[in-house]
Protein chains: 2
Amino acid sequence: MIQIIANNYIKADKVDEFLKLAVGLVEETRAKDAGCIRYELVQDMKNPQILTMLEEWEDQESLKSHMSSPHFIKITTATADFAEKTAEVHVCKKII
Amino acid sequence: MIQIIANNYIKADKVDEFLKLAVGLVEETRAKDAGCIRYELVQDMKNPQILTMLEEWEDQESLKSHMSSPHFIKITTATADFAEKTAEVHVCKKII
């Protein structure tokens with residue numbers, strides 16, 4: 001089991017557009033990607049420019065497949081210039 | 001519903017001790033704290049000194065009660081000098 005915490009730092013004027021695309025990604029991922037246990041999008045209440053994906057995957061293989069899926073590649077390409085700074089991705093193991 | 005992402009940056013020689021105490025906190029929180037929907041501890045696989053609590057609470061009130069509970073105060077006090085740098089806490093709302 002692998003957990004991902006992916007913090008996206010989005011430009012203020014791109015937050016709404018990012019949200020729309022990211023919600024679509026969550027829906028497609030949940031519907032289509034094998035090995036996806038959890039896939040959620042949360043927004044920092046103090047700084048709405050921080051949008052975080054909280055993910056849980058069965059194994060490295062399913063995560064790898066997700067990251068090469070058409071819907072993942074589509075959003076990565078569409079939001080390429082939305083970032084205020086580089087996303088911070090933590091790949092984690094669950095302790096408890 | 002409130003989600004918390006709390007990143008703790010722990011000194012290398014304190015990681016094992018922090019893990020032991022934090023597992024105890026998770027167990028007590030799940031067993032005792034009203035309004036706790038999720039309370040998990042994960043560890044960054046690249047940097048095991050980053051230990052993150054992933055939490056979900058029904059409302060501000062239940063989160064506040066948890067943070068003033070004896071088990072929360074006990075670990076905060078016990079691990080006061082374990083941090084390599086200040087913890088980074090994101091209070092978030094769930095988008096999807």
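1. To begin with the cysteines, a search through the whole structure turns up zero disulfides over all chains, a disulfide being a pair of cysteine sulfur atoms within 2.5 Å. Cys36(A) is in no disulfide, and the nearest cysteine sulfur, which belongs to Cys92(A), is 16 Å away. Cys92(B) is likewise in no disulfide, with the sulfur of Cys92(A) as its nearest cysteine sulfur at 15 Å. Cys92(B) counts as buried because its relative accessibility is 1%, where buried means under 20% relative accessible area, exposed means over 50% and partly exposed lies in between (1.4 Å probe, protein chains only).

2. A word on conventions: this is a predicted model, in which local features need pLDDT of at least 70 and side-chain atom pairs count only at pLDDT 80 or more, while totals for chains, interfaces and linings use all residues. Residues are numbered from 1 along each chain as its sequence is written, chains are lettered from A and ligands numbered from 1 in the order in which they are written, and side-chain values use heavy atoms, leaving out hydrogens and water.

3. How are the two chains related? The same surface serves both copies, since 100% of the contact residues of chain B recur in chain A, contact meaning heavy atoms within 4.5 Å.

4. The contact between the chains takes 25 residues from chain B and 25 residues from chain A. Together the chains bury about 2,500 Å², of which 60% is on carbon and sulfur atoms; buried area here is the accessible area (1.4 Å probe) that two parts lose on being put together, summed over both. Met45(B), Ile95(B) and Ile96(B) supply 26% of the area that chain B buries against chain A, more than any other three residues.

5. Strand β1 (residues 2-10) of chain A is mostly covered, with nine of its nine residues buried; helices (H or I, at least four residues) and strands (E, at least two) are DSSP runs, numbered from the N terminus. Both of its faces are covered, with Ile2(A) and Ile4(A) among the buried residues on one side and Gln3(A) and Ile5(A) among those on the other. β1(A) pairs in the antiparallel sense with strand β3 (residues 50-57) of chain A over eight bridges, two strands being paired if DSSP finds at least two bridges between them. Within this pairing, Tyr9(A) stands opposite Ile50(A). Strand β4 (residues 83-94) of chain A also runs antiparallel to β1(A), joined to it by seven bridges, and here Gln3(A) stands opposite Cys92(A).

6. Which strand of chain B pairs with β4(A)? It is β2(B), in the antiparallel sense and over three bridges, with Val42(B) as the bridge partner of Lys94(A). Strand β2 (residues 36-44) of chain B has seven of its nine residues buried, so it is largely enclosed by the rest of the structure. Within chain B, β2(B) pairs with strand β3 (residues 50-57) in the antiparallel sense over seven bridges, Arg38(B) standing opposite Glu56(B), and a hairpin joins β2(B) to β3(B) through five residues.
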